[in-house]
Structures are given as C-alpha cells and as structure tokens.
Amino acid sequence: MALCTFNGARFLGDQLESYLAQTRPPDELIACDDGSTDGTVALLEGFARRAPFPVRVIRNDSTLGSTRNFEKAIGLCSGDLIATSDQDDVWLPEKLALSEAALAQEPRPALVFTDAEVVDEDLRPVGHRLWEAVHFGTRAQRRVARGRAFDVLLRQWLVTGATMTFRAEYRALVLPIPGIWVHDGWIAFLLGAVAPVALVDRPTVKYRQHPDQQIGARKLGWRDLYRRAREVGPAHFRLAHQRFLLAQERLCSSAPRVLDPETLALVRRKVAHEGRRLAISESPSRARRVLWALDELLRGRYARFSPTWSHCIKDMFL
C-alpha cells in the first residue's frame, strides 16, 4: 500500500484502523509524509509499532505536493500489487480482497478500481456514490466490463486513487508522474492503453468529503454544471492539451507494450481534439468558434473524446 499524508491527523486514525480490519491483510504500508506540522507523523509512527505487517514511515525533506509524493511512495513499494490510499477515507473490510480477486481474472488486468460510498466528515452517507458523482453510468460501466476501458478513459476521468490497485510490474511505465497530472488519472490512462482494466461495481471505501480535501465527489446539479462550464476557459484546455501530449509521449516511448495498434492513433486524435478545444476557447471570433466546434462534432470527436457531445454547445456559446 502507498499512503500519502500531509497534516491529516484529524482523520488519519480512522483510515489506519481500517487497514487492520481488512479480511485480506496488507503485506506492507509505505507512508510518505509531505512535511506535516500536526500530529500526523506521530500517528504513523505509533501505528508502525503496533501493526502486524511492516510499516515504513518516510518524512520528505521538502514539500513535494500530492502527485510527487505518490510517485515517491509508489516507487518504494515492494509488493506485486500496489494499492494507493488517501489519508482521510475509511476502507471497507473487503477492499483488498475484492481488488486482488479482480486482478486474478483473465484476461489479466493491469489495474482495478471500485465504487465508493460518499460520506460527510462524520462518515454519514450523503446520498450518492462516487460513480454517480463522476457520471460513470451503467453504459460506461458495461464498456469497461467488456474490455473497452480505454474507450471510456479517452472521454472521461473515472478512476479515483482511493479505490485503485495496480500491478507493480507496470511501475516503469507510469513513473515518473508529470507534475501537471493527478497520479490516479495518469496511471489509469497509461495502463488502460497497454492492458485490460477491471472494475468492482460495489463500494470498497467510505470516501470522506470535507473542506480541506484536494479533490472531492460532490454531485452537481444542472445549475452547478452550467456555472462550471461558464467558468472553464483557456487555462483549463491548455492544461488538458499538455497533459495528453505528455501521455502520448510516454506511450510512444513504450509502443511495444501497447495492446492495440490503433491505440496510439486514438491518443493522437485525442491530443488533436484537446488542441482544437484550446484554440476554440482562445478565439475571440464567435463565428470561428462555432465553425471549429461544428467541424469537431461532425467528425465525431466530441462523441469519441469528450465526456458528452453537449460539450460542443459549451465550446460554441459559453
């Protein structure tokens, strides 16, 4: 397991206790702390003394940030499977067992992810699950289950690090992790390009929501989605374009591992689509934005590379 912490003493104890409650006990815990000034390190060191499995606590000399910290923790793991963990959640008892069983299926998956129960600060359910919040619906779930995970990953983010376990043999492909990516998105996208991805369609984590977390899972209504669409501008599309350029470069350097010869072509088309959306967002001409967006729509690129074709409407008019 790879755990990253930073000033997480408020909730960390619950997460550590949930490791002890696993029906399939962990083989090890690598905990990288990113310069906490509260009681986080003391909690980790106390846990290391009483845990029935090896626990290694590493204190970073300087603050790395979440992505680099996970890169470090993943690099230090010694097991065949690596489960990444946030500091503020609670694992349900069968999380590791279910993930390990899913990775034992054929064809041999490189990665498995699960659903999660979204809860508030006091671990009370808020009324929806993680997959609902990220709009990972039944149709997309069926595509992943049928071995077409990369088709879905080309369109949307769906793997949360709190629910993810992957094979250590792919570590050379995913490390180092570019700083502009979030670790779970990067790992899932690359592994989806080179190997099958499995899913477990039940919650294995209580995914805690609180004001201090980096990424949450609030279920947005239409008004919230509209407001967010209006707020998205060139900076968002520039970042997306840069991210997928980096993914393309990494996959090109690992081309012999790519499963489908069409995969690299799809990634190039994804990069081109993100580049066109960037150009649309930067253009001061409404007419040009409409023409470019319609061209992408008619070529089927919104349907293939954006979460929904309706993003075309955002690009033309918002």
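Two strands count as paired if DSSP finds at least two bridges between them. In this predicted model, strand β6 (residues 111–119) and strand β7 (residues 125–129) run antiparallel and are joined by two bridges. Together β6 and β7 make a hairpin with five residues between them. In its turn, Leu-123 has a positive phi of about 70°, and Val-119 stands opposite Pro-125 in β7.

Let's move on to the rings. The whole structure holds eleven aromatic pairs. One of them joins Phe-189 and Phe-244 edge-to-face, with 5.1 Å centre to centre and 70° between the planes. That pair links distant parts of the chain, since Phe-189 is in helix α9 (residues 183–194) and Phe-244 in helix α11 (residues 234–253), 55 residues apart. Ring pairs also tie Phe-150, Trp-181, Trp-186, Phe-189 and Phe-244 into a cluster.

Are Phe-189 and Phe-244 buried or exposed? Phe-189 is buried because its relative accessibility is 3%, under the 20% cut-off. Phe-244 is buried too, at 13%.

| Lysine | Ring | Distance from ring centre |
|---|---|---|
| Lys-95 | Trp-91 | 4.1 Å |
| Lys-270 | Phe-244 | 4.7 Å |

Finally, here is the surface. Leu-294, Leu-297, Trp-309, Ile-313, Phe-317 and Leu-318 form a nonpolar patch with about 530 Å² of accessible area together. Helices α13 (286–298) and α15 (311–317) each give two or more residues to this patch. Leu-297 belongs to helix α13 and is partly exposed, with a relative accessible area of 30%.

Key: Residues are numbered from 1 along each chain as its sequence is written. This is a predicted model: local features need pLDDT of at least 70, side-chain atom pairs count only at pLDDT 80 or more; totals for chains, interfaces and linings use all residues. Side-chain values use heavy atoms; hydrogens and water are left out. Patches are made of residues with over 30% relative accessible area and no salt bridge: like charges are joined within 9 Å, nonpolar side chains (Val, Leu, Ile, Met, Phe, Trp, Tyr) within 5 Å. Accessible areas come from the Shrake-Rupley method with a 1.4 Å probe; for residues, only the protein chains shown count as cover. A salt bridge is a side-chain nitrogen of Lys or Arg within 4 Å of a carboxyl oxygen of Asp or Glu. Helices (H or I, at least four residues) and strands (E, at least two) are DSSP runs, numbered from the N terminus. Buried means under 20% relative accessible area, exposed over 50%, partly exposed in between (1.4 Å probe, protein chains only). Rings of Phe, Tyr and Trp (its six-membered ring) pair if their centres lie within 6.5 Å; planes under 30 degrees apart count as stacked, over 60 as edge-to-face and the rest as tilted. A charge sits over a ring if NZ of Lys or CZ of Arg is within 6 Å of the ring centre and within 35 degrees of the ring normal.
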